[in-house]
Amino acid sequence: MLNLKTIFKILGSLLWIEATLLTLCLFVAMLYQGDDIMAFAWSILITISSGLGFRLLGRHSNNIIERRDAYFVVAIAWVIFSLFGTLPFLISGYIDNLTNAFFETMSGFTTTGATVIDFPEHLPKGLLFWRSLTQWIGGLGIVFFTIAILPSLVGGSLKVFAAESTGPIKSKLHPRLSTSAKWIWIVYLILTIACILSYKVCGMNWFDAFNYSMTSTATGGFATESGSIATFKSPAEEYVCTLFCFLAGVNFTLLYTSVAGFKFKQFLKNSEFKFYTTLVLGFSLFIMLELIFRNNYDVEHAFRSSIFQVVSFITTTGLFSDDAAKWPHVTWVILAACMFFGGCSGSTSGGFKSIRGVMLIKIVRNEFRQILHPNAVLPLKIDGYNVQMSKRVTLLSFLGLYLFLTLVCAFTMIAAGIDSTNSITITLSSLGNVGPALGLEIGPTMSWNELPNFAKWMASFLMLVGRLELFTVLVLFSPSFWKEN
């Protein structure tokens, strides 16, 4: 069965890391003299004590972790991180119930960006910084972050990485996973710093620049104002946000190998990047024309609004510069398609992932060829990589399960009385870690506070399932997972 001692040891270390992150927010709260100082102090004390308790339970562990342990520890780590992440909200009293606090924290760590806070500008600076930091850490993954800074934590870090990484095709930079993790985190850090400086140059103050850069590069979407980026009324900031969200939606391994090695042609040769870029440009052009001819936007405004919203939705960021609820309804279909597809594998974005879109197109093309040439052996190659039959079966299983979950959860919400458009887009938004919904009750610029509690718990579950790519969480509910052999 599960190696509980090693699992307790990992969870204890993770809670100590979370306490360190909370300490950063305590310094921010002290800097701005907010009324959340004691809330962070108590949260740190409780988190450290709990981490110590887990470490004591995990003493004398053999540091061996099997595949079953890896899937369990990744899923439970995200839940525990989110539970302890609710403490600053609950202790400070700015969120007064566990349902809303857990929803907000899970939305942060999974970089979904859906919020139950109607006016975030009323929160103290420490809590605002905590919301942004949860998204920044969750961008590349809680456990992946741990592997980068604690390579000797467990002996089976590759299995843990496999349980948390995104996309059907894995690529490695370095034979040692911890080294790869560090390089990818360095790319992430450079993107974040560049984004901070760009926002500052465009006129943001330092606090907003830090917060918006963390949520932009994490493709998260939490904002310090209820008006999101639109609050600043700055076209330059909107273009900066679009650029960095787009880059954060690109495979980080591809970014590293192409930029570090000055091999920029790799972008043009990469099938997933071409698919991702084609979707962004095609969808943006369609919406731009709709805004020009049906909403009477001028060309620049239409281009800026369309590409911002398309990039925000396809990278599952969720920041907004315009109210898409006032756009022609046909554009909602495009934005819903963006929600579904998502960005590239190995990026901070969620959704179905562009690489799976490429694989599906090639599978369908092969099926047409097979009809004409029944005896032909047709390999499925992506950028020189031969996709095995087992991965094709996994892809179709993933697609089927994705659609099944969307259908069941949307049906449940509709049956409970939630508007049908909201039910479908809330489900897609949660499962794809997007953030905004499209509808009249909960539009793209509104909070999710009006949702009934059961819908918030369902959405929180879908956020976790979507962030860990379905199987990592759902395998825990299969009877075979808990059998001895």
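Me: Is the crossing of α17 and α18 left-handed or right-handed?

Reply: This is a predicted model: local features need pLDDT of at least 70, side-chain atom pairs count only at pLDDT 80 or more, and totals for chains, interfaces and linings use all residues. Residues are numbered from 1 along each chain as its sequence is written, and side-chain values use heavy atoms, without hydrogens and water. Helices are DSSP runs (H or I, at least four residues), numbered from the N terminus. With the near helix turned anticlockwise from the far one by less than a right angle, the crossing of α17 and α18 is left-handed.

Me: How are α17 and α18 oriented to each other?

Reply: Helix α17 spans residues 354–372 and helix α18 residues 389–415. They pack at about 110 degrees, axes 11 Å apart. Angles of 65 to 115 degrees share one label, so α17 and α18 are roughly perpendicular.

Me: Which residues of α17 make the contact with α18?

Reply: Contact means heavy atoms within 4.5 Å. From α18 come Lys391, Arg392, Leu395, Leu396, Phe398 and Leu399. From α17 come Arg356, Met359, Leu360 and Ile363.

Me: How far is the C-alpha atom of leucine 474 from that of tyrosine 32?

Reply: Leucine 474 lies in helix α21, residues 471–474. Leucine 474 and tyrosine 32 are 442 residues apart along the chain. Their C-alpha atoms are separated by 42 Å.

Key. Axes are lines fitted to C-alpha atoms, for helices over the stretch in contact, and angles run from 0 to 180 degrees between N-to-C directions. Helices (H or I, at least four residues) and strands (E, at least two) are DSSP runs, numbered from the N terminus. Angles under 35 degrees count as roughly parallel, over 145 as roughly antiparallel, 65 to 115 as roughly perpendicular and the rest as oblique.
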